[in-house]
Amino acid sequence: MNVICAKNYEDMSRKAANIISAQIIMKPDCVLGLATGSSPLSAYATLIDWYQKGDLDFSKVSSVNLDEYRGLSPENEQSYHYFMQKHLFDHINIRPDHTYIPDGMEPDAKKACKKHNDIIKKLGGIDLQLLGLGLNGHIGFNEPGIAFEKETHCVDLTESTIAANSRFFSSMEEVPTQAYTMGIKSIMMAKKILMIVSGEKKADIVAKAFLGPVTPAVPASILQMHPDVTLVADEAALSAYLKQAANMEDNL
């Protein structure tokens, strides 16, 4: 695993944008696995800036998003369809028919999940998958459990995830309790994985995910088994990881 220590959130975002842009330049028709939430916002803004300056071309790129809330329409301001349009797609030249997000309005969970799995397969897999990291170790909406989920599936969100997402809604009652999300197998099949993490509150889970045992109780720990993972995190998020890693070296 390649660990890149950034000074702060903005530095982390720029370093992440550099990795994503390099993927696009090296393979203009690449398939990007994209994420939502606060972590990638500045990275997306940087990519938009570089596109507007003529440094990037998204015209041949395809994108596949990790997840979507079940029951929210694309027009809902809290849906991930809306998020991606507002924070990236509306500002670059990616083709609308080349962007794929799970269909949150499909009531048949099996049908919605199969459709998303089939899209990934039809595209030939994901070249670079962008990930954030939840406080409980979730990636996408793959919550802690007793087994690693495989492909796209419908998940019941944990209380901690619902609470974390409630800041985006007017009330706790409005927060969706289910989501469609790419599974661990889908994520692990990506050729490259880029995880971005910022802030001291993520320090403990970063250490557990990358230095602890591989266990479905910490879904992100499975990334230890992937051959090409880059973790870009700021100093605060890496503080526990670096301290624990140093202690492990001293004990060898």
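## Loop, core and ring contacts

T215 is found in the loop between α7 and β10; here helices (H or I, at least four residues) and strands (E, at least two) are DSSP runs, numbered from the N terminus. The model is predicted, so that local features need pLDDT of at least 70 and side-chain atom pairs count only at pLDDT 80 or more, while totals for chains, interfaces and linings use all residues. Residues are numbered from 1 along each chain as its sequence is written, and side-chain values use heavy atoms, with hydrogens and water left out.

With a relative accessible area of 22%, T215 is partly exposed, where buried means under 20% relative accessible area, exposed over 50%, and partly exposed in between (1.4 Å probe, protein chains only). Once its neighbours within four places in sequence are set aside, T215 is in contact with F148 and S221, contact meaning heavy atoms within 4.5 Å. The C-alpha atoms of T215 and P144 are separated by 8.8 Å, although the two residues stand 71 residues apart along the chain.

H226 also has its place in the loop between α7 (203-211) and β10 (229-234), but H226 is buried, at 8% relative accessible area. Which backbone atoms does the side chain of H226 approach? A polar atom of this side chain lies 3.3 Å from the backbone oxygen of M188, and the side chain of H226 also reaches the backbone nitrogen of D228 at 2.9 Å. For reference, a polar contact is a pair of N or O atoms within 3.5 Å; within protein, one atom must be able to donate a hydrogen and the other to accept it, and residues adjacent in sequence count only if both atoms are side-chain atoms. Leaving aside neighbours within four places in sequence, the contacts of H226 are M188, A190, K191, K192 and I193.

### Nonpolar cores

A nonpolar core is taken as a set of buried Ala, Val, Leu, Ile, Met, Phe, Trp, Tyr and Cys residues joined through side-chain atoms within 4.5 Å. The largest such core has 60 residues, of which I139, M195 and L223 touch the most other members. M195 touches L131, G132, L133, I139, F210, A220, L223, T230, L231 and V232, residues up to four places away in sequence not being counted.

In helix α7, the buried residues include A203, I205, V206, A207, A209 and F210. Among the elements that cover the buried residues of α7 are β9 (192-197), β10 and α8 (235-250).

### Aromatic pairs

The structure holds five aromatic pairs; rings of Phe, Tyr and Trp (its six-membered ring) pair if their centres lie within 6.5 Å, and planes under 30 degrees apart count as stacked, over 60 as edge-to-face and the rest as tilted. One of the pairs joins Y69 and Y80, whose ring centres are 4.9 Å apart with planes at 35 degrees, so the pair is tilted. It links distant parts of the chain, with Y69 in strand β4 (residues 67-69) and Y80 in helix α3 (residues 80-87), 11 residues apart. Both Y69 and Y80 are buried.

The rings of Y69 and F169 have their centres 6.0 Å apart and their planes at 75 degrees, so this pair is edge-to-face. Because Y69 lies in strand β4 and F169 in the loop between α5 (159-165) and β8 (178-181), the pair ties together parts that are 100 residues apart in sequence. Ring pairs link Y69, Y80, F141 and F169 into a cluster.

Another tyrosine, Y82, lies in helix α3. Setting aside neighbours within four places in sequence, Y82 is in contact with P74, E75, N76 and E77. Y82 and D55 are 27 residues apart in sequence and 26 Å apart in space, C-alpha to C-alpha.

### Accessibility and cysteines

| Residue | Relative accessible area | Class |
|---|---|---|
| Y69 | 1% | buried |
| F169 | 12% | buried |
| Y82 | 29% | partly exposed |
| C5 | 40% | partly exposed |
| C30 | 0% | buried |

The structure holds zero disulfides, a disulfide being a pair of cysteine sulfur atoms within 2.5 Å.

### Annotated span

For residues 11-225, UniProt lists "domain: Glucosamine/galactosamine-6-phosphate isomerase" in an unreviewed entry; UniProt positions are given in the numbering used here, feature names are shortened, and annotations may be inferred rather than shown by experiment. In the model, the span 11-225 is 33% helix and 14% strand, and its end C-alpha atoms lie 27 Å apart.
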